[in-house]
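These are my notebook entries on a single model.

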Amino acid sequence: MAQRIQGTEDLFGGYMRAWQHMQDVARELLGTYGFDMIETPAIEQVDTFVHGIGASTDVVRKEMFRVFSGALMERLLESGSEGGLKAKQRMAMRPEGTAGVVRAAVENNFVPQGGAPAKLWYAGAMFRGERPQKGRLRQFHQVGVEWLGASDPAADAESIIMLMEFYKRLGFPAERLQLRINSMGDAECRPAYRASVRQFILDHADEMCEDCLERAEINPLRAFDCKNDRCREVMATAPLAKDNLCDGCAIHYAKVKQYLDEAGVTYVEDPTLVRGLDYYTRTVFEVECEGSRVGAIGGGGRYDGLMELEGGKPTPGIGFAVGFERMCLALRSLGVDVEGEDPGCVYVACTSAAERDAVFSATLALRGAGVRTEADYQGRSLKSQFKQADKLGARLCVVLGSDEIAAGVATLRDMRTHEQGRVPMGELAARVVEKLG
C-alpha cells in the first residue's frame, strides 16, 4: 500500500478548514495594511537560497531538499560531481519563503527607483529535511509577510503589531504569548561584533562543540542558537549585540521599542536572539506560546541587504512567517478549537429512482443559489439517505417522492427539530436560503 513520506501530513477535513481559516484571517488582516498576496514557485535555483539564507546555515548545509530530473540524476551518478551543472540545473525545494519573494521582487522590479514599497504576503508549503518530530515536519506550511522598500523603524513596529494581532484573531490569549526582540546591528557595526564573538568562541574552544567551532569561522553569531547545553552556558557570557550597536542601529532599535510601547505591545528584550538565517539585520523578533512546549510559533526581522544578495539594487526589507502546524499544536494545548464546525449542507433525497431527474434539477437550483448541496448517487433507500444526511451534518433535507412530483412541491424537513412542510418547487431555493439565514 502506498504511504505518505515520514514527516509529512495530509490536510483534509477539519485540519484543512483550520489551514483555510488561517489564510482567511491573514487575508482580512493584512489587507487592511495594504498587503497583496503572492505565490512563488516551490522550486528555485539553489543559489536563491544560498545567497539569501547563507551557506553556513543548517538549512542550506543539512536540510534543503535538492531537485534533479531523472536524466540529470543519471548524469550525476555517472560523473560523481555537480561541477558541470549550470545554475538553472541546480534546484531546490523552498525551505522558507523570504528568499523566493525577494528573488521575484528583483526579477519583476517590484520596487522601482523612487517607487512605493512592495507589500506582499504568501501562504504555502515549505520543505526541510529535518528529523521528523512534534512540530517539525519535512513539509510544513507557513503564512508570511514581506515588506520591501521601507527603512523606517515604524515598519518594524507595524510588522510586529500585525503579527501579534494575527495571533489574537486566531484565538491566542495575549497573556500566553511571549514576544522577544533584539537588534543584530548592520553592515557598519556587525563586522566588529562578529569578530569579538569569534574570538570569544576561540578563547573557549575546549568548551564548545565542533559545530560551534566551525561556526566561529563562517558565522560566529550562529553559536547563540546552538542547542548544545554546554555551548548555551558558555555563550551566555559572550559579547552582546546591544552593547556593540552603531549610533544608527541604536537609534533605530530605540524607535522600534518606542512605537511598540505606544501601541501597547508587551515584549521582552533578548540580547541573545539571532534567528537562524544569515540575511537578518537590525530588528529581529520571535514569538512563543508559554506552556505549549512547541518552541517558536513565528518570528521574523529586518533584512536590508537581501535584495543586493539576490542581484537587485540596495533595498531595505522586513518580514515575518508563522508556522501553521506549530500554531495548531499551541492552540490545542490551550484548549482552543482550531478546526471549527463542519460546514453542513442541504440534502436532497428521493423515494425511488423515478424521482432522480427531479433531484438533479433541485440540486442544480440550490447550488445556483449558493447553497452547499448533497444528494444520493448510489441508489440508497430513503432510510439510508436520511442516515447519510445526518453524517454529512445536513441542516435541511429536501424530500421528493411521487406525491411531491405530482403536486409540483417538495417536502422540506428540518433535521434538528424534525419539523417539515411542503414548498412549491419554484420557491424551493429561496425558501431554503431563507431558512438557513
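In which strand is the place of Arg-282? I located Arg-282 in strand 9, residues 281-289. I worked from a predicted model, in which local features need pLDDT of at least 70 and side-chain atom pairs count only at pLDDT 80 or more, while totals for chains, interfaces and linings use all residues. Residues are numbered from 1 along each chain as its sequence is written, and side-chain values use heavy atoms, with hydrogens and water left out.

I noted a positive phi of about 50 degrees for Arg-282, although Arg-282 is not a glycine. I took helices (H or I, at least four residues) and strands (E, at least two) as DSSP runs, numbered from the N terminus. Arg-282 counts as buried at 16% relative accessibility; buried means under 20% relative accessible area, exposed over 50%, and partly exposed in between, with a 1.4 Å probe and protein chains only.

I then turned to Asn-109, a residue other than glycine whose phi is positive, near 55 degrees. Asn-109 sits in the loop between helix 5 (98-107) and strand 5 (118-127). I recorded Asn-109 as partly exposed, its relative accessible area being 47%.

I also looked up Arg-416, in the loop between strand 15 (409-414) and strand 16 (420-424). Arg-416 is exposed, with a relative accessible area of 63%. Its C-alpha atom is separated by 6.8 Å from that of Arg-395, 21 residues apart along the chain.

I found 0 disulfides in the structure, a disulfide being a pair of cysteine sulfur atoms within 2.5 Å. I noted Cys-212 as buried, with a relative accessible area of 0%, and Cys-249 as buried at 0% relative accessibility.

I read axes as lines fitted to C-alpha atoms, for helices over the stretch in contact, with angles from 0 to 180 degrees between N-to-C directions. Helix 13 (residues 356-368) packs on helix 16 (residues 428-436) at an angle of about 50 degrees, with axes 9 Å apart. This makes helix 13 oblique to helix 16; angles under 35 degrees count as roughly parallel, over 145 as roughly antiparallel, 65 to 115 as roughly perpendicular and the rest as oblique. In the contact (heavy atoms within 4.5 Å), I listed Ala-362, Ala-365 and Leu-366 of helix 13 and Leu-428, Ala-429 and Val-432 of helix 16. These contact residues divide into 6 nonpolar, no polar and no charged; Ala, Val, Leu, Ile, Met, Phe, Trp, Tyr, Cys and Pro count as nonpolar, Asp, Glu, Lys and Arg as charged, and the others, Gly among them, as polar.

I next compared helix 1 (residues 13-32) with helix 12 (residues 324-333), which pack at about 105 degrees with axes 11 Å apart. Helix 1 is therefore roughly perpendicular to helix 12. Tyr-15, Ala-18, Trp-19 and Met-22 of helix 1 meet Phe-324, Glu-325, Met-327, Cys-328 and Arg-332 of helix 12. I recorded 7 nonpolar, no polar and 2 charged residues in this contact.
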